[in-house]
Amino acid sequence: MRFVLLFPMFGCIENALYTQGQEEQEKENRQPTAEPTSEPTSEPSQPSSEPSNNPSEEPSYEPSYEPSYEPSFEPTSEPDESDNSGSSVSNPATPYPGSLVINELMINPQATQDKFGEWIEIYNTTSDWIDLDGLRIADNNLDDYEIQYIGSPLVISPNGYFVICAEESEWNNGGAECNASFLYKTLGGGFALSNTDDEVYLLTPFGQYVDIFSYGSNFAPEGASMGVRAGYETTSGNDSSSNWCEQWNFMFGGDSGSPGEENFCF
Ligand SMILES: [Ca+2]
Ligand SMILES: [Ca+2]
Ligand SMILES: [Ca+2]
Ligand SMILES: [Ca+2]
């Protein structure tokens, strides 16, 4: 009985031992074969795709982007007073037609004589710093004069104002702060604004016209400047005298005007 009973038990144990051993063996067989086959095949396939993409993409990007970005951006990052176009106080752009407009004129001052009190305000229509060194102011026959340095850079800021005066001292000219000067002469060899009718030309050092404005005998009041109305600060916008208006801002000399500042029209 014992034998009969033990035999099947032994058979069961033997079976169990065999199947356990078989499973372990199968596991062992599976593990080493599964791991090396899946991992090494997937990993090397990734590095092989990267190097094949990179060499073809990177060299084609770098040479086309870098040279076009760097030269235009670098000069703007260093000086504070710069803009995104690459010009700066120390590296201003060259004026061209339309970049500057004749924006305000003190034609007939009352608080001072004309030879002290006349001035011209120029407005920069661009987002560039613009070089005014060598800028000429002229009319159609007598006047043609290169503006003169009086201590501040001959540069106009982006969308800024620049005032050119017959007399540079604001104590003597009626109260205008000036950026440059002209020689007041009514018979040639300088520049002057006639109280009846006249022309104002802005020219580059090379004689290119930047802006032109002409006025008739009823244009200029005595004791107040005339300024271009907001929205008409363009070379063609300032051509019509109806787009100009009297400036009422008080200047300490007694006359009114807005030299170096935005014009204001009622
Ligand atoms: Ca003149
Ligand atoms: Ca005058
Ligand atoms: Ca004009
Ligand atoms: Ca003004």
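Two strands count as paired when DSSP finds at least two bridges between them. Keep that in mind as you look around this structure, which is a predicted model.

**The chain as a whole**

The protein chain holds 3 helices and 13 strands. Of its 266 residues, 29% are buried. Among contacts in the chain with a separation of 6 or more, 62% involve residues 24 or more positions apart.

Two of the pairings can be followed in detail. Strand 4 (residues 136–138) runs antiparallel to strand 10 (residues 198–203), and 3 bridges join them. Strand 10 is also joined to strand 11, here by 6 bridges, and again the two run antiparallel. The table gives a pair of facing residues for each.

| Residue | Stands opposite | Strand of the opposite residue |
|---|---|---|
| Alanine 138 | Tyrosine 201 | Strand 10 |
| Leucine 202 | Aspartate 211 | Strand 11 |

How many residues lie between strand 10 and strand 11 in their hairpin? There are 5, and in the turn glycine 207 has a positive phi of about 90 degrees.

**Asparagine 159, in a loop**

Another positive phi is found at asparagine 159, at about 50 degrees, although this residue is not a glycine. Look for asparagine 159 in the loop between strand 7 (155–156) and strand 8 (161–165). Is asparagine 159 buried or partly exposed? Asparagine 159 is partly exposed, because 14 other C-beta atoms lie within 10 Å, while a buried residue needs 20 or more.

**Isoleucine 130, in a strand**

Now turn to isoleucine 130, which sits in strand 3 (residues 130–131). Isoleucine 130 counts as buried because it has 25 C-beta neighbours inside 10 Å. Which residues does isoleucine 130 contact, leaving aside its neighbours within four places in sequence? They are Pro92, Ala93, Pro95, Ser99, Leu100, Asn124, Val155 and Ile156. Asparagine 91 is 39 residues from isoleucine 130 along the chain, and the C-alpha atoms of these two residues are separated by 8.6 Å.

Note on methods
Residues numbered from 1 in each chain as written. Chains lettered and ligands numbered in written order. Predicted model: local features only at pLDDT ≥ 70, side-chain atom pairs only at ≥ 80, totals over all residues. Helix = DSSP H or I, 4+ residues; strand = E, 2+ residues; numbered from the N terminus. Buried ≥ 20, exposed ≤ 12 C-beta atoms within 10 Å, placed from the backbone. Contact = placed C-beta atoms within 7 Å.
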